[in-house]
Amino acid sequence: MKKVIYVLCLFCILTLNISTCFAECTDEVLLNAKNVDVDAIPQTEDLIYYIIKISNLTPDLYVEVYEDDNETTTTYTYDDSENGVIEIEHWYIYEKVNYVVSVYSTEEGCNDEVLAEIEVSTKKFNERYGYVACEQNPDYEKCDPFYEPADDEEQTDEEFYEELKEYNEVNEAPFWEKLWNGIKEYYLYVLVPVVVVSVVYGVVIYSYKAKRSDKN
């Protein structure tokens, strides 16, 4: 058996060429795979859900999409796209879900090799979005339907309402009160540079006058 394989390889090398016998993905295919883009886009206008958008797919590529929510893998080809764009609706928003998009080529020589792998994740739905307080304050950061708190951030509803109250007090305050509060909060950032510049300027003036006095 080994002799047969050896003879076949030798024949291939002698009659054709190495690049034909051991074909690889072309640079064009590799570049196309590298250009595939994946985004997780929240939809919040009428209904709340996510769209997993795969862009820049070309006829010589296909993708396998894995999601860890139900551990399924789905294959999409260029024929499933609209001008190279595939949009997958994702409706389960009560937990964070991770997607892995693996890019393959239909061209011979790529040998079912993963040419690119892109990971995206959805965000968990913010249940406070439905609170009356958030309906009244839609611009407040923590009322965003997909607000993502820091890993170490734990906040009770009481703390949330108190923080929202302070937020409203600041935003509803008169202009001059906001200006004064800003000055009180950031005055050191302004005062310190002014003092430093004044001291340096004073030293330069003093040195200049001292030199002139010595000359006189």
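**A tour of the charged side chains**

Start by selecting Glu-153 and Lys-142: their side chains form a salt bridge, with the closest N and O atoms 3.1 Å apart. Both residues lie in the loop between α4 and α5, so the bridge ties together parts that are 11 residues apart in sequence. The model you are viewing is predicted. Glu-153 is partly exposed, with a relative accessible area of 25%. Lys-142 has a relative accessible area of 13%, which is under 20%, so Lys-142 counts as buried.

Glu-163 is partly exposed, at 27% relative accessible area. Through shared partners, salt bridges join Lys-142, Glu-153 and Glu-163 into one network.

How many salt bridges does the structure hold? There are three. For another of them, select Arg-128 and Asp-157, where the N to O distance is 3.0 Å. Arg-128 is in the loop between β7 (116-121) and α4 (132-136), while Asp-157 is in helix α5 (residues 157-172); the two are 29 residues apart. Arg-128 is buried, at 16% relative accessibility, and Asp-157 is partly exposed, at 29%.

Last, select Asp-68, Asp-69, Glu-71 and Glu-95, which form a negative surface patch. Within this group, find Glu-71 in the loop between β3 (61-67) and β4 (72-77). Is Glu-71 buried or exposed? Its relative accessibility is 61%, so Glu-71 counts as exposed.

Conventions
Residues numbered from 1 in each chain as written. Predicted model: local features only at pLDDT ≥ 70, side-chain atom pairs only at ≥ 80, totals over all residues. Heavy atoms only, no water. Patch = residues over 30% accessible without salt bridge, like charges linked within 9 Å, V, L, I, M, F, W, Y side chains within 5 Å. Areas by Shrake-Rupley, 256 points an atom, 1.4 Å probe, with all protein chains shown as cover. Salt bridge = Lys/Arg side-chain N within 4 Å of Asp/Glu carboxyl O. Lys, Arg positive; Asp, Glu negative; His and termini not counted. Charge placed at Lys NZ, Arg CZ, Asp CG, Glu CD. Helix = DSSP H or I, 4+ residues; strand = E, 2+ residues; numbered from the N terminus. Buried < 20%, exposed > 50% of the residue type's maximum accessible area, 1.4 Å probe, protein only.
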